[in-house]
Amino acid sequence: MQSSFVSCKNLSVGYSDRLLIKDINLTIDRNANIGLIGENGSGKTTLLKTLLGIIKPISGEVEIDKNNTISYIPQIRETEDLLPFSVEEILEMGLSKMLSPWQSALPRFKDKFDSILERVSLSEYRKHLFKNLSGGQKQRIMLAQALISSPDAIILDEPTQGLDVNQRKNFMKLLKEIKQEKEFALILVSHIFDDFKEMDFNIYRVEDGCLKYIEQKDMR
């Protein structure tokens, strides 16, 4: 088994008419914590989608271990208007690759649903509509959806965006606890430096079209 789940060699990402990040050489090991920061529009989300195979690289190579399961939590504005799905149905979406078309995850995965909802402290909300939850509750449900497939890696794109200080701290504390319980690689995008203080992150900044490693002590 290879020690990394993704490796980039001379990778450049962007769109046909716009190069965003060039010459990325990066290997992410299993169980690593990777932090990604940078200005809006710098290419952070584009890099994530390239790693996921949603967007093709402009040049270079990106190699992902095909034996790995990767869960992706997009920015909340891409999910908060999901209609008219319940919390339970949101969790089912996390198992879509394990189910045949139109097959329900219940009762086959009922115990797993019960366990993951209890872990994120939202058991009583399973029948509630996702759109009616608070911002912090929505992010915890999206984290539960990401976890339900027992992934080898989780990619989160600004998961604390729009949360107040307490919601943000609680979410990062929960993520830290789950990361200590389970083994998976973590890629976290945030523009809030305090988000990276909960765990030992290797942090990279997207700046001037390049991906640069920075020390936590130098973050400001």
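Which elements of the protein chain have the lowest and the highest mean pLDDT?

## Model and confidence

The lowest mean pLDDT among the elements belongs to helix 2 (residues 87-93), at 90. The highest, 96, belongs to strand 7 (residues 185-189). The model is a predicted one. For the protein chain, the mean pLDDT is 89, and 90% of the residues reach 70 or more.

## Nonpolar cores

The largest nonpolar core comprises 36 residues, of which I141, L143, L156 and L175 touch the most other members. At least two residues of this core come from each of helix 2, helix 3 (110-119), helix 4 (135-147), strand 6 (153-157), helix 5 (165-181) and strand 7. Helix 4 provides the largest share, namely six residues. In soluble globular proteins, nonpolar side chains tend to be buried together.

The surroundings of L143 may be given in detail. When neighbours within four places in sequence are set aside, L143 is in contact with I73, F171, L174, L175 and I178. There is also a second, separate core, made up of 26 residues, including I21, I28, L48 and Y72.

## Aromatic pairs

A pair of aromatic rings is described by the distance of the centres and the angle of the planes. The structure has two aromatic pairs. In one of them, F196 and F201 are arranged edge-to-face, with 5.2 Å centre to centre and 85° between the planes. Both F196 and F201 are buried.

The rings of Y204 and Y213 also form a pair, with centres 5.4 Å apart. Their planes stand at 65°, and because an angle over 60 degrees counts as edge-to-face, the pair is assigned to that class. Y204 has a relative accessible area of 17% and is therefore buried, the limit being under 20%. Y213, in turn, has a relative accessible area of 45%, so this residue is partly exposed.

## Charges over rings

## Salt bridges

Side chains of opposite charge can pair when their charged atoms come close. The structure contains 11 salt bridges. One of them joins E88 and K127, whose closest N and O atoms are 2.9 Å apart. This pair connects distant parts of the chain, since E88 belongs to helix 2 and K127 to the loop between helix 3 and helix 4, 39 residues apart. E88 has 10% relative accessibility and therefore counts as buried, whereas K127, at 61%, counts as exposed.

A salt bridge is also formed by E177 and K173, with 2.7 Å between the closest N and O atoms. Because E177 and K173 are four residues apart in helix 5, about one helical turn separates them. E177 is partly exposed at a relative accessible area of 26%, and K173 is likewise partly exposed at 44%. K212 and E207 meet in a further salt bridge, with an N to O distance of 3.6 Å. The relative accessible area of K212 is 32%, so K212 is partly exposed; E207, with 35% relative accessibility, also counts as partly exposed. Through salt bridges that share partners, E88, K110, D114, R126 and K127 are joined into one network.

## Loop residues

The loop between helix 1 (44-51) and strand 4 (59-64) contains G53. At 58% relative accessibility, G53 counts as exposed, because the threshold for that class is over 50%. G53 and I64 are separated by 11 residues in sequence and by 9.2 Å in space, C-alpha to C-alpha.

Where do S121 and S150 lie? S121 is placed in the loop between helix 3 and helix 4, and S150 in the loop between helix 4 and strand 6. Phi of S121 is positive, near 60°, in a residue other than glycine. S150, which is not a glycine, has a positive phi of about 50°.

Terms used
Residues numbered from 1 in each chain as written. Predicted model: local features only at pLDDT ≥ 70, side-chain atom pairs only at ≥ 80, totals over all residues. Heavy atoms only, no water. pLDDT = per-residue confidence, 0-100. Core = buried A, V, L, I, M, F, W, Y, C linked by side-chain atoms within 4.5 Å. Buried < 20%, exposed > 50% of the residue type's maximum accessible area, 1.4 Å probe, protein only. Contact = heavy atoms within 4.5 Å. Phe/Tyr/Trp six-rings, centres within 6.5 Å; stacked < 30°, edge-to-face > 60°. Salt bridge = Lys/Arg side-chain N within 4 Å of Asp/Glu carboxyl O.
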